[in-house]
Amino acid sequence: MDADGLDEAQRAILAFESRPWRDPARKADAIRQELGLSAARYYRLLGTLVDSPAALRFDPMLIARLQRQRDARAQSRARRTIPTARPLA
């Protein structure tokens, strides 16, 4: 860990996430090639960083954007309704 409370791998994840990506498939390939992580592991680590005070101090605009995106996805999931089937009889 460095003075900012993040290790080199955490800083690399935040720097990687701050880059613009148009194609999710290319991003997944780049995650594997550049960071040596599976996409699932990358997103688990990123999810932990989104709630980290050290990450917020390191890049407040990125973390605020990621928190807004996470909250919007959660609200979207909460608004979905489960279709109910009508009785057969």
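Axes here are lines fitted to C-alpha atoms, for helices over the stretch in contact, and angles run from 0 to 180 degrees between N-to-C directions. Helices are DSSP runs (H or I, at least four residues) numbered from the N terminus. The model is predicted: local features need pLDDT of at least 70, side-chain atom pairs count only at pLDDT 80 or more, and totals for chains, interfaces and linings use all residues. Residues are numbered from 1 along each chain as its sequence is written, and side-chain values use heavy atoms, with hydrogens and water left out.

**Exercise 1. Describe how helix 2 and helix 3 cross, and which residues make the contact.**

Step 1: Take the geometry. The axes of helix 2 (residues 24–35) and helix 3 cross at roughly 85° and come within 9 Å.

Step 2: Name the arrangement. The two helices are therefore roughly perpendicular (the class for angles of 65 to 115 degrees).

Step 3: List the partners. Lys27, Ala28, Ile31 and Leu35 of helix 2 meet Ala39, Tyr42 and Tyr43 of helix 3, where contact means heavy atoms within 4.5 Å.

Step 4: Sort them by class. Six are nonpolar, none polar and one charged; Ala, Val, Leu, Ile, Met, Phe, Trp, Tyr, Cys and Pro count as nonpolar, Asp, Glu, Lys and Arg as charged, and the others, Gly among them, as polar.

**Exercise 2. Is Glu17 buried or exposed, and which residues does Glu17 touch?**

Step 1: Glu17 sits in helix 1. With a relative accessible area of 9%, Glu17 is buried (under 20%; exposed is over 50%, partly exposed in between, with a 1.4 Å probe and protein chains only).

Step 2: Leaving aside residues up to four places away in sequence, Glu17 touches Lys27, Tyr42, Leu46, Leu62, Arg65 and Leu66.

**Exercise 3. Where is Ala85, and how far is Ala85 from Ser18?**

Step 1: Look in the segment after helix 5 (60–79) for Ala85. Ala85 counts as exposed, at 74% relative accessibility.

Step 2: Ala85 and Ser18 lie 67 residues apart in sequence, and their C-alpha atoms are 44 Å apart in space.

Technical notes. Parallel < 35°, antiparallel > 145°, perpendicular 65-115°, else oblique.
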